[in-house]
Amino acid sequence: MGKTKHPGPQKLTAKPDPKLWVSAVPFGLGKLKPKHIRDTLKTLWRNRDNLPYATRILTQGVCDGCALGVSGLRDQTLSGPHICTTRLNVLRLNTMPAMKPKRLHADIEELRKLSSAELRELGRIPYPLIRRSGERSFSRLSWDDALDYIAAKFRSLPPEQTAFYLTARGITNESYYAAAKIARFLGTNHIDNASRICHSPSKTALKRSLGIGASSCSYRDWIGTDVLVFWGSVAANNQPVSTKYMYAAKRKGTKIIVINPYREPAMDGYWIPSIAESALFGTKLADDFYQVNIGGDIALMHGVMKTWFEMEKDVPGSAIDHAFVRDHANGFEELREKVESQLWGELEISSGLSRVRIGELAKLLAASKSAVFVWSMGLTQHRHATDNISQVANLALLRGFIGREHCGVMPIRGHSGVQSAGEMGAEPFSLPGGDFDELNLSRLEQLWGFPIPRSQGDIVGVSLEKARLPVNHPSKLNLYYLSGGNFLETMPDPAFIREALESLEVRVHQDIIFNTSTLLDAKEAVVVLPAMTRYEQPGGGTSTSTERMVYFSPEIEGPRIEEARAEWSIYADLAARVKPQLQHLIGLNDARAIREEIARAAPEYDGIQRLKSKGEVFQRGGAWLCEDGVCPTPDGRGRLIPVDLPRRGLNAQGNFNVTTRRGKQFNSMIYGGKDAYNGGIRTAVLLNPKDAKVLAVSDGDPVVLHNAHGILHGQAHYADIASGNLAVNFPEGNVLFPMGVYESPAGIPEYNVAATLEKTEHYVGRLDKRYSKKRNVEEA
């Protein structure tokens, strides 16, 4: 725990600075950019039937979009109101009425014709539903019948054949904690959450490098730091409010560096709607882009450190903070040996950057007295993701950019509240208050009053694989309880996922809306339970932001879905029905009681029990973790970890490394068919014009991207992306990624892969030729 407390929001200068303008033309007329005013008017129109309620949500509740942590219209970083298109887009999920019975109970094949975006527009789930095997539509159930059915299924199965999953859809700390406790009460450690497929390597790497599992600094540290580095993160697109912090940083003289294969237009320049100057003329955000190869980040970081060690030989102390390393880090000599053994030729090939370019970044960081490193899925969704993040920690430790003002390492979260999922124990490797180890197990058993299973729980990918095991296999997953989420649109290999979900005996969807996975079959039955949003939950709820701010979001007066229930209360009621003889051990009686229990179960959350009113907040761990360089490790020191260079083969003509990106969407929830920043459609394949010329592919040509795992039919879209690399939209591109390939030890699936690009006419022609040959052989 740090001793320095967060000082609260600071004022933003009102004096314009034309040097930062993107264009002197007001509102960026004629430029390709988001239309914030139009989108705001659209939000007003979509919520016209519930405008007073929508207004109260925006002005009283904690944002259920990204994890920047805006409470009402204000946060702890800058004074003044904040609003962004992401929050406006998800607002309708909270204000829309219930689905009409005619659509709700329609033939399942009619519903399956709709996309998740179209299903979303149908409205909220109004009451419990069931669709048994062979039935053509959902039928209504009472809550008692629904929970009794699920409870009976739990009792009929060994605990190891059951599992839980929670998405980050506005889920509160109270619900994460309740799910974590109830899963163990029912005898299973098979529980996981949405962070498994976004930031699980961040937690794993930061734990082993620094002893922490969250951002070491606050957003305020962006403002005035010498260098702010965004590594594989497009915060302007995915966390739009962050652009206001970037603007404030630029006004203080901060240099913003972006490291990404694609020169994302949103990070080049952005029109920030809550700042008059920026809304009119835009703001230049990035000072420089380093267009690294997909998977080449470790090589780039090796190159930075190799340059530092070369600088040290000429002028000792010119690049490494030796005093900090001596007092606060282990493993210096081992790291130096690893870095110095790297060959510049290999580093250049792997990173895609020249030695000179890498040296420019190294010298900039060496000359800086402070820096904050921010990253997201560009670093985490790799099979070597934990090493990626440990390399970032290596950079920070070598320069002493830890535990003080304007310094730190920050995995920026794209989901509100997902930071706390593991901290509440809703994952297989953690429990409330700590790791899944004997000390913590014994402590919680005393608190909870029941035994916790010792068997290691499964990550979400393994759970889905186990759903496909033979019927008589003792480890086959037969009951999956899902709180939100749509694996069809978030996991690799959708065909595999479809088969896995339909191989389950019973699947429970606890949610506020339908999505495409809700409509899949199950061997016995699919049960759907209507959940409340965070703004409806009696007693309010809490949410933890990226910077470890724990916010209270009150219950907000407004219309209700009559039979929707708080998620934590559903878990408690179900558990009481599964083990009625032990229901006195469940607790979870109301939201306030849960917060009091969280404070005891997870001591670092002490203070959550005092949150009870709108706007109340505290920061877990203080302004900086590892303050003054002292880490929460056994010896109080950070660990410099030598990391191997991932192997990267040379691509043959037509072969590329492929990654995913987000377009006009919030995570997997798509809100438009055309990207507001580059004009690409959902199936756009972003490629370098030089690569396209070699393949005779014109901008807009139909193309096929294929490999051993799948085929994506798309449209070529010229873009400023590093040669040899392609970007496709998530989730459309997920067909190209293999199921069952996980990063060790964090368990995140692989979302980067090699694939071949061809013009559609060539691909189809080759298939036709191959088919004709096959027919000729058969006829002969």
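**Exercise 1.** Which residues in α2 meet which residues in α3?

*Solution.* Start with the ground rules. This is a predicted model, where local features need pLDDT of at least 70, side-chain atom pairs count only at pLDDT 80 or more, and totals for chains, interfaces and linings use all residues. Residues are numbered from 1 along each chain as its sequence is written, and side-chain values use heavy atoms, with hydrogens and water left out.

Next, the elements. Helices (H or I, at least four residues) and strands (E, at least two) are DSSP runs, numbered from the N terminus. Helix α2 covers residues 51-60 and helix α3 covers residues 85-95.

Now list the contacts (heavy atoms within 4.5 Å). From α2 come Y53, A54, I57 and L58. They meet R87, L88, L91, N94 and T95 of α3. Sorted by class, this contact has 6 nonpolar, 2 polar and 1 charged residues. Here Ala, Val, Leu, Ile, Met, Phe, Trp, Tyr, Cys and Pro count as nonpolar, Asp, Glu, Lys and Arg as charged, and the others, Gly among them, as polar.

**Exercise 2.** Find the angle at which the axes of α2 and α3 cross, and name the arrangement.

*Solution.* Axes are lines fitted to C-alpha atoms, for helices over the stretch in contact; angles run from 0 to 180 degrees between N-to-C directions. The two axes come within 10 Å and cross at roughly 125°. That makes α2 oblique to α3. The classes are roughly parallel (under 35 degrees), roughly antiparallel (over 145), roughly perpendicular (65 to 115) and oblique (the rest).

**Exercise 3.** Describe how domain 2 and domain 3 touch.

*Solution.* Take the bounds, which come from an automatic or database domain assignment. Domain 2 is 200-257 + 294-373 + 381-410, and domain 3 is 655-779. Their C-alpha centres lie 31 Å apart. Domain 2 gives 14 residues to the contact and domain 3 gives 20 residues.

Then turn to buried area (accessible area, 1.4 Å probe, that two parts lose on being put together, summed over both). About 1,400 Å² is buried between these domains, and carbon and sulfur atoms give 49% of that. On the domain 2 side, I294, Q381 and R383 lose the most area, together 53% of what that side buries.

**Exercise 4.** Locate the cis peptide bonds F730 to P731 and S744 to P745.

*Solution.* Omega is about 15° for the bond joining F730 and P731. P731 sits in the loop between β28 (725-729) and β29 (753-759). For S744 to P745, omega is near 15°. P745 is also in the loop between β28 and β29.
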